[in-house]
Every structure is written in C-alpha cells, then in structure tokens.
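Reader: I would like to learn how to read a helix and a charged pair in a model. Please start with the helix.

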Amino acid sequence: MSKSIFTDKQDVLESYYEFYHYYDVVSPAAGLHQHSFYEIFLFLSDHVDYNIEGKIYHLHSGDILLTNSFDIHRPEISPDSPCERYVIRIRDSFFENTSFCGPDLKKCFTNAASKDYRLIRPSQTTLTHLKELCSKIDETQQDCSKGSHALTVSYLLQFLVYLSRCYEMPLTFLDDITENRTINQVI
C-alpha cells in the first residue's frame with residue numbers, strides 16, 4: 001500500500017474526490033483552517049486530538065472524524081508519536097454526479113454539522129471492513145487498467161454506505177469530546 005506525503009494544500013483539485021494514506025513520523029503542524037469540501041479522517045494511530053468548531057475530540061485508533069464544508073478545524077497531534085491515517089476529501093459535486101446514491105450518503109456530513117458531533121467509533125467488524133475498502137481504494141487508484149476508476153468509485157461508494165450506517169449508531173463516547181471555550185468565542 002502506498003503512503004502519501006502530507007501537504008498543507010486545502011483544495012480538492014484532482015477530481016470529485018481525493019484519497020490519501022498518510023504516515024508521518026514527525027507530525028505536521030496545521031493551523032485552524034476551513035475549506036469548501038467534506039473530509040473523512042480514519043485514524044490508525046492514537047495520541048491525536050482534533051479540534052472541530054471549538055470541540056476537541058480525543059481520538060483512538062480506528063476513530064473516524066467528519067468535517068463538513070467550511071467547518072473550522074485542525075489536528076493536535078503529539079509530536080512524539082507517528083500518525084497514520086486515511087483522508088478522503090469529497091467535493092459537493094461528487095454527490096450530485098452520483099445521483100443514483102441519493103441524498104443518503106451526504107447526510108452523515110450534514111447531520112454531523114447540525115447535531116454538532118463529528119466522531120464515529122465503528123464496531124471492530126465495521127472498522128475492519130472500512131480499512132479493507134481503504135486498501136482497495138488505494139490499490140485501484142494506483143492501477144491504470146481499464147475500469148480502474150469505476151472500481152475505485154464503487155469502493156468509495158461502499159465506504160460511504162458503511163460510514164453512513166455506523167454514523168447512525170448511538171453515542172457511547174461523549175467523555176472523549178471537550179469544548180475549547182476560546183475557539184468557541186472566536187467562532
């Protein structure tokens with residue numbers, strides 16, 4: 001599986017979506033930022049806090065975070081620990097282009113913003129399946145064979161279906177979310 005080199009670019013330029021597998025020995029510093037696309041972070045490492053809209057999410061390996069377009073956010077990664085994660089960036093036009101999937105797949109992002117929680121902690125079975133789909137996305141997007149792009153999009157759609165389903169699960173981890181009053185005042 002290939003690993004992407006982290007950059008601080010904050011735009012989806014390649015297509016309707018972008019997929020990255022990052023592994024940083026020295027964690028990158030990122031300031032508060034926002035952008036016009038959705039992001040999914042699947043963390044494979046511990047020792048990460050993530051600040052989204054003034055809430056700090058204390059993450060465990062296997063946690064998933066969603067950012068809606070224009071959410072103000074930044075990672076707070078321990079400089080002593082390597083950080084591995086999958087990052088999927090999706091433009092709004094992806095959901096319009098794949099009209100056969102309906103509004104359901106975008107709903108987890110809009111619900112995350114309206115309900116003001118963005119953390120998903122999937123069951124071990126679902127997490128294993130999501131990681132397998134990420135491996136398949138990574139593999140097929142590197143492939144130049146006929147139909148590889150369609151196969152990549154089909155894996156991404158499967159990922160979004162499973163993500164949407166596990167977002168509906170009840171919250172059992174509210175202790176891992178704290179408020180940042182200073183950022184809340186600025187927001």
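Author: In helix H2, the residues Leu105, Cys108, Phe109, Asn111 and Ala112 are buried. Buried means under 20% relative accessible area, exposed over 50%, and partly exposed in between (1.4 Å probe, protein chains only). Helices (H or I, at least four residues) and strands (E, at least two) are DSSP runs, numbered from the N terminus.

Reader: Where do the buried residues of H2 fall, seen down its axis?

Author: An α-helix has 3.6 residues a turn, so residues three or four places apart point the same way. Down the axis of H2, the buried residues fall within an arc of 160°, so they line one face of the helix. The arc is that of the directions from the helix axis to the C-beta atoms. Asp104 and Ser114 are exposed residues on the face of H2 turned away from the buried side.

Reader: What do the buried residues of H2 pack against?

Author: They pack against strand S2 (38–43), strand S5 (64–67), helix H1 (92–97) and helix H4 (148–167). Contact means heavy atoms within 4.5 Å.

Author: A word on the source. This is a predicted model, in which local features need pLDDT of at least 70 and side-chain atom pairs count only at pLDDT 80 or more, while totals for chains, interfaces and linings use all residues. Residues are numbered from 1 along each chain as its sequence is written, and side-chain values use heavy atoms, with hydrogens and water left out.

Reader: What span should the 12 residues of H2 have?

Author: The expected span of a helix is 1.5 Å times one less than its number of residues. For H2 (residues 104–115) that gives 16 Å, and the end C-alpha atoms are 16 Å apart, which agrees. Just after H2, Asp116 takes a positive phi of about 60°.

Reader: Now the charged pairs. How many salt bridges are there?

Author: Side chains of opposite charge can pair when their charged atoms come close. A salt bridge is a side-chain nitrogen of Lys or Arg within 4 Å of a carboxyl oxygen of Asp or Glu. By this rule the count is 6. One of them joins the side chains of Arg85 and Asp24 (2.8 Å, N to O). Arg85 lies in strand S7 (residues 83–90) and Asp24 in strand S1 (residues 17–24), so this pair ties together parts that are 61 residues apart in sequence.

Reader: Is Arg85 buried or exposed?

Author: Arg85 counts as buried, at 5% relative accessibility. Asp24 counts as buried at 10%.
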